[in-house]
Amino acid sequence: MTKFAGRRGSLALAIEDSRGVPPSSANDYFWVPYSTLSFKDNVEEARENQGMGVLADGDSKYVVMKMGEGEIEAQLYDKALGVVLAGLTGALPSSSGGNPYTHDFTLTNSNQHQSVAIYWKDPDRSDMFKLGMLDSFQISVEPSGIVNYTIGYKSKVADEWTSLTPSFTSLGSKFLHQHLQVRLASAVGDLSGATAISLKNLELTISKNTVFDSVMGTIEPEDILNQQIAVEGTLELNLEDDTYRDYMLNGTYRAMEIKLLKDANSSLTLQFPRVDFSEWEPDYSLDEIAKQSINFKANYDAANALDIISTCDLVNTQSSYA
C-alpha cells in the first residue's frame, strides 16, 4: 500500500449489460473527472445491548449489510452525462442523427431503473461497484462559473476488478454559466417562444428515493429499487417586479424549460410541464442590488398526461449509449 494524493484516483461510469453485470469492454466506460467524492463502501450494523450484569452498554457489533453509497461532484461534460441520464430516467435513450446525435430519454414508470457500473482506481485499488442506482441528481449554476453537478448512487459493495486504463481524451463539451437558458410559459408548447429569464443562480435537484432491498440469507441487498421521483429547485434573480411573488400568492402553475446550450453539437434540454412556486424571499441588503429567490417543484400534468419530466434530450457527438 502506498501514500497518494486524491488527484491520483480515477472514476468511470458505464451502463451495465444487465442488472449487476458490468460491461467487459473498456470502451463502454466513461471517465469522469471529479471535484469531490464521498462514494465508498459502507455497512449497516447491529450492536449487542443486552444486560450482562455490568455497566458496559454492549460487548459485540455485527455487520448485517454491506453496500456502496455516497456522492460524486464534478463539472458537467456532455458525454458521460448520457450514462447519468439513463440512470435518472430509467432506460437507454432513443438516439438519432449523425454527429451531432440527439439522445431522447423518456422517464420509465418502473421501480427497477437502468443500473450502472461504478469503477474506481487509485494506486492501491481497482474496484467495481455493481448495480449502481442513481439516488439523486443535482445541477448548480452561478454567474461566471462552470456548471457543477452532484450525483448520488447506491450500489453493491465493491469487488476487486481487473485494472482499467483511465482516458480523459474524449470527455465531450463542458457546460458553462453562459450556456444556461431557463424559460417559463403557460404550457409546454409555448416554451420555445418564451424569453429566457435573467437568473443569478439556479439549483435543481431530482430525487429518486432509492432503497436497498434487503432479504434474509445474504449480507448484500438483493436489489436496489427506485421509488417516487421528486423534482425541486430554486431560482434567484434581481427583484424587478412582483411576478414571482404573485406566482406564490396565487398558486400559479407554469411549464418550465432548463436548457444548457453550448452550440449545435452540445446541449441538454429538460422540460417540466407543471411547476408550482413557494417560499418567495426578497433580499433588501443595503449595499447590494435587491434580489429575490423562489423555490419551485415540478408535478405530474394529469390534464395533459405529461410526466413530471416531459422532455429530457441530450445532444452531443457520442453516437450511442447502447
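This is a predicted model: local features need pLDDT of at least 70, side-chain atom pairs count only at pLDDT 80 or more; totals for chains, interfaces and linings use all residues.
Biologist: Great. What volume does the largest pocket have?

Modeller: The largest pocket comes to about 420 Å³. A pocket here is an open set of points on a 1 Å grid over the protein atoms alone, where a 1.4 Å probe fits, with protein on both sides within 12 Å along at least five of seven lines. Grid points are joined across faces, edges and corners, and the volume is the space filled by probe spheres set on the points.

Biologist: And which residues sit closest to its centre?

Modeller: A196, I197, S198, L199 and L237 are the closest, out of 27 residues that line the largest pocket. To count as lining, a residue needs an atom within 4 Å of a point.

Biologist: Which element gives the most to that lining?

Modeller: That is β12, with six residues. The elements giving two or more residues are β12 (180–185), β13 (201–207), β16 (230–238) and α2 (243–250). Helices (H or I, at least four residues) and strands (E, at least two) are DSSP runs, numbered from the N terminus.

Biologist: How does the lining split by class?

Modeller: The largest pocket is lined by 13 nonpolar, eight polar and six charged residues. Nonpolar covers Ala, Val, Leu, Ile, Met, Phe, Trp, Tyr, Cys and Pro, charged covers Asp, Glu, Lys and Arg, and the others, Gly among them, are polar.

Biologist: What about the second largest pocket?

Modeller: Its volume is about 300 Å³. Y29, F30, W31, S167 and S170 are the closest to the centre of the second largest pocket, among 19 lining residues. By class, that lining has 11 nonpolar, seven polar and one charged.

Biologist: Switching topic: is helix α1 mostly covered or uncovered?

Modeller: Mostly covered: nine of the nine residues in α1 (81–89) are buried, meaning under 20% relative accessible area, while exposed is over 50% and partly exposed lies in between (1.4 Å probe, protein chains only). The buried ones include L81, V84 and L88. G90 follows α1 and has a positive phi, near 105°.

Biologist: Which residues have the most contacts inside the largest nonpolar core?

Modeller: F137, Y153 and F272, in a core of 62 residues. Such a core is a set of buried Ala, Val, Leu, Ile, Met, Phe, Trp, Tyr and Cys residues joined through side-chain atoms within 4.5 Å. Leaving aside neighbours within four places in sequence, F137 is in contact (heavy atoms within 4.5 Å) with residues including L81, V84 and L88. There is also a second, separate core of eight residues, with A12, A14, A117 and Y119 among them.

Biologist: Now N316. Where is it, and why does it count as buried?

Modeller: N316 is in strand β20 (residues 311–316), and it counts as buried because its relative accessibility is 0%. Its side chain reaches the backbone nitrogen of Q318 at 3.0 Å and makes a polar contact with the side chain of Y321 (2.9 Å). A polar contact is a pair of N or O atoms within 3.5 Å; within protein, one must be able to donate a hydrogen and the other to accept it, and residues adjacent in sequence count only if both atoms are side-chain atoms.

Biologist: What else does N316 touch?

Modeller: Not counting residues up to four places away in sequence, N316 touches D78, K79, P100, Y101, H103, N265 and Y321. One of those, P100, lies in the loop between β6 (94–97) and β7 (101–105). The peptide bond from N99 to P100 is cis, with omega near 15°.

Biologist: Which side chain does N299 pair with?

Modeller: D276, through a polar contact of 3.0 Å between the side chains. N299 lies in strand β19 (residues 291–299).

Biologist: Last one: what stands out about the backbone at E279 and A305?

Modeller: E279 is not a glycine, yet has a positive phi of about 55°. A305 is not a glycine either, and its phi is also positive, about 55°. E279 lies in strand β18 (residues 266–283), whereas A305 is found in the loop between β19 and β20. E279 is exposed, at 55% relative accessible area, and A305 counts as exposed at 57%.

Key
Residues are numbered from 1 along each chain as its sequence is written. Side-chain values use heavy atoms; hydrogens and water are left out.
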